[in-house]
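Got the sequence and the model open? Let's go through it one question at a time.

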Amino acid sequence: MALIAGIVMAPSAGAARIGGSLPPIFSAHLYGQGTSVVASYRTVATVRTMAVVATAPLPAGHDLYGTAGMNDRVRGIATTPAATTHLTVTEGLLAGTEYFVQLYTEGPGGSWVLQQRNRSVRTQDRYVRARFDKIKIRNDGDPMGCGELQFQLKVAGAWGDEPYFMTNENSMCTGETYNMNIVSPWVKVNADTTTAYSLGQDDDYYGGVLCTYGFGGCGDSAQKTVTLYLSTMKHLESRPMSVWANGGFEFQWLGSYEVEYR
């Protein structure tokens, strides 16, 4: 099997209309697997075949995207050697996206005969989960002792519309590393990137009275957003993650994020 992934030009050889003299493709099974489109099918005769995956249907009256002026819609062309059982895999597509597949057999002189038109296939949705394993306190922001710290953690999206976590307030000291073991739920993210966000807050005492950040005005805060890159990640793949924030105090989360497709 030969595979060309990415944006490609449709083949320039001519094609006969459906119903040519070659045996048609049958038992065709097309499905999304992660960010790939898989096509398996059979032919009665031993013949080469081609699958073209595109973002838009092939218009009526056209048998090739090139003749329809839609080469920019083509995302992959996969050909198979001469056989009666065929399998193509077109990789590098977007998650959770509908594509349209044209199936061809090779005719005389290398022309391609369109056998099945506009087979709709959807790639699988991508889900992301983050693990916040440890936190290092680089500077607790309190020169007289340890900071009274709490943290909000968020994965995938803007404030308030996605899962988030608020830790309890704890006495935490400069130079210490604490095991936190916080795991987010799975969040659907079909975009190629998402974000992890952390906000840290420190309560201080002034004159023996608790001065809470945001209310008394003497607490410290630090926050940070990092980008998580997803487009090339495979099913159940995990990558390391670090969120390092500077502000009234300084901290660093260490963890990982992983994806699955379904």
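Q: What is the mean pLDDT of the protein chain?
A: Keep in mind that this is a predicted model. Of the chain's residues, 82% reach a pLDDT of 70 or more. Residues 1-22 are another story, with pLDDT below 50, though in the model that stretch still has 60 contacts beyond near neighbours in sequence. For the protein chain, the mean comes out at 86.

Q: How many strands are there in the protein chain?
A: Don't go looking for helices, as the chain has zero of them. Take contacts between residues at least 6 apart in sequence: 69% of these join residues at least 24 apart. As for strands, the count is 17.

Q: Is Ser-171 buried, partly exposed or exposed?
A: Ser-171 sits in strand S10, which covers residues 170-172. Its relative accessibility is 43%. Buried needs under 20% and exposed needs over 50%, so Ser-171 falls in between and counts as partly exposed.

Q: Which residue has a side chain joined to that of Ser-171 by a polar contact?
A: Set aside neighbours within four places in sequence, and Ser-171 touches Cys-146, Gly-147, Glu-148 and Tyr-178. One of these also makes a side-chain polar contact with Ser-171, at 3.5 Å. That partner is Glu-148.

Q: What is the C-alpha to C-alpha distance between Ser-171 and Leu-149?
A: Along the sequence, Ser-171 and Leu-149 are 22 residues apart. In space, their C-alpha atoms are separated by 6.3 Å.

Conventions:
Residues are numbered from 1 along each chain as its sequence is written. This is a predicted model: local features need pLDDT of at least 70, side-chain atom pairs count only at pLDDT 80 or more; totals for chains, interfaces and linings use all residues. Side-chain values use heavy atoms; hydrogens and water are left out. pLDDT is the predictor's confidence in each residue, from 0 to 100. Contact means heavy atoms within 4.5 Å. Helices (H or I, at least four residues) and strands (E, at least two) are DSSP runs, numbered from the N terminus. Buried means under 20% relative accessible area, exposed over 50%, partly exposed in between (1.4 Å probe, protein chains only). A polar contact is a pair of N or O atoms within 3.5 Å; within protein, one must be able to donate a hydrogen and the other to accept it, and residues adjacent in sequence count only if both atoms are side-chain atoms.
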